[in-house]
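Below are my notes on the model you sent. Please read them with the coordinates open.

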Amino acid sequence: MKNDRKKYFIKIQGVLVEVTDEIYIAYYGMERKEKYLIEKDKAHGLLHYDSWDSQEANGVDFIRDNTINVEEEALKNIAVLDIWSYIAQIEDKYHICEGIANGNTEKEIANKANVTQQAIHKNKKKALNSLKKIIEKNF
């Protein structure tokens, strides 16, 4: 008696591999379901970021982020660079501006500088007034 059993094959990395009928059905069922979902998304106008992927860039890089105004961010970055150049022009012996930029309190800056919090407060007011004058002069 001849072996009447039907043979099933799946192509894996370019090589046909014999599998059982259960594996064959499951494999092509999943493949067909994936194609169906892609067709359904396409019919509804849904586009996945990875469909724009290329060797040079990821698809998500092409999507505009409406939560950020690029022009405003660029101007802020330029202003920040200007402010640091202005800070370099003022007398800030306790590095108060740097401490404030890092989120430190007057007390924390005072502890680092080994002076009182009142001394930091007084020097901060003087530094900020000097900074204000430089900024007004440059704008």
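Predicted model: local features only at pLDDT ≥ 70, side-chain atom pairs only at ≥ 80, totals over all residues.

1. Helix α5 covers residues 117-138, which makes 22 residues.

2. Which residues of α5 are buried? They are I120, N123, K124, A127, L131 and I134. These residues cover an arc of only 110° around the axis, and therefore lie on the same side of α5.

3. The face of α5 turned away from the buried side carries exposed residues, namely Q118, K122, K126, K132, K133, E136 and K137. On the buried side, the packing partners are α2 (70-87), α3 (96-101) and α4 (106-113).

4. N123 belongs to helix α5. Its relative accessible area is 19%, and because the cut-off for buried is under 20%, N123 counts as buried. Leaving out residues up to four places away in sequence, N123 touches K93, Y94 and I96.

5. Helix α4 can be read in the same manner. Its buried residues are E106, I109 and A110. They cover an arc of only 100° around the axis, which puts them on the same side of α4. The face turned away from that side carries the exposed residues K107, N111 and K112. The cover over the buried residues of α4 includes α3 and α5. Just after α4, N114 takes a positive phi of about 60°.

6. How many salt bridges does the structure hold? There are two. One of them joins E106 to K124, with the closest N and O atoms 2.7 Å apart. This pair links distant parts of the chain, since E106 sits in helix α4 and K124 in helix α5, 18 residues apart. E106 counts as buried, at 15% relative accessibility, and K124 is among the buried residues of α5.

7. R32 and E39 also form a salt bridge, in which the closest N and O atoms are 3.4 Å apart. Are these two residues buried or partly exposed? R32 counts as partly exposed because its relative accessibility is 44%. E39 counts as partly exposed as well, at 43%.

8. On the surface there is a nonpolar patch formed by L47, W52, V60, F62 and I63. Together these residues have about 460 Å² of accessible area. One of them, V60, lies in the loop between α1 (21-43) and α2. V60 has a relative accessible area of 44%, so it is classed as partly exposed.

9. D65 is also placed in the loop between α1 and α2. With a relative accessible area of 39%, D65 is partly exposed. D65 and K40 are 25 residues apart along the chain, and their C-alpha atoms are separated by 26 Å.

How values were computed
Residues numbered from 1 in each chain as written. Heavy atoms only, no water. Helix = DSSP H or I, 4+ residues; strand = E, 2+ residues; numbered from the N terminus. Expected span 1.5 Å × (residues − 1). Buried < 20%, exposed > 50% of the residue type's maximum accessible area, 1.4 Å probe, protein only. Arc of directions from axis to C-beta. Contact = heavy atoms within 4.5 Å. Patch = residues over 30% accessible without salt bridge, like charges linked within 9 Å, V, L, I, M, F, W, Y side chains within 5 Å. Areas by Shrake-Rupley, 256 points an atom, 1.4 Å probe, with all protein chains shown as cover. Salt bridge = Lys/Arg side-chain N within 4 Å of Asp/Glu carboxyl O.
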